[in-house]
Amino acid sequence: MNVDSVGYVAAALTTLSFFPQAIKTLRTDDTRSISLLMFGLFTGGVAIWAVFGVLSGNGPVILANGFTLIPASFVLQKKIRHRLLGWEH
């Protein structure tokens, strides 16, 4: 097994592990249990890792972070909107 294969397996596992929670959050429209600071830092980190992957030509890093950035951005946007609208207690 080569190094990239290990990276792609790790990328698949970490990316797939994120999707159930993101889907649940988007379906239920409930962001109360999500920390805005943590999720903002997480989404920013994912975006920077994606840029790093592109700049370094690292396929597994591009794939994992590129795919994770999509739902993370939607959840973060929903969290920010709920905070601004005062929908959190």
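Tyr8 sits in helix H1, with helices (H or I, at least four residues) and strands (E, at least two) taken as DSSP runs numbered from the N terminus. This is a predicted model, where local features need pLDDT of at least 70 and side-chain atom pairs count only at pLDDT 80 or more, while totals for chains, interfaces and linings use all residues. Residues are numbered from 1 along each chain as its sequence is written, and side-chain values use heavy atoms, leaving out hydrogens and water.

**Overall layout**
- The protein chain has three helices and zero strands, running α-α-α from the N terminus on.
- Its C-alpha atoms fill a box of roughly 50 × 25 × 15 Å along the principal axes.

**H1 against H3**
- The axes of H1 (residues 3–28) and H3 (residues 59–85) come within 8 Å and cross at roughly 10°; axes are lines fitted to C-alpha atoms, for helices over the stretch in contact, with angles from 0 to 180 degrees between N-to-C directions.
- That makes H1 and H3 roughly parallel to each other (angles under 35 degrees).
- In contact terms (heavy atoms within 4.5 Å), H1 residues including Tyr8, Phe18 and Leu26 meet a set in H3 that includes Leu63, Phe67 and Lys78.

**Nonpolar patch**
- Tyr8, Leu26, Leu63, Phe67, Ile70 and Phe74 make a nonpolar surface patch of about 560 Å² (residues with over 30% relative accessible area and no salt bridge, nonpolar side chains joined within 5 Å; areas by Shrake-Rupley with a 1.4 Å probe, only the protein chains shown counting as cover for residues).
- H3 gives the largest share of the nonpolar patch, four residues.

**Salt bridges**
- There are two salt bridges in the structure (a side-chain nitrogen of Lys or Arg within 4 Å of a carboxyl oxygen of Asp or Glu).
- Asp29 pairs with Lys78 in a salt bridge, with the closest N and O atoms 2.7 Å apart.
- Asp29 lies in the loop between H1 and helix H2 (36–56) and Lys78 in H3, so the pair ties together parts 49 residues apart in sequence.

Key
Parallel < 35°, antiparallel > 145°, perpendicular 65-115°, else oblique. Patch = residues over 30% accessible without salt bridge, like charges linked within 9 Å, V, L, I, M, F, W, Y side chains within 5 Å.
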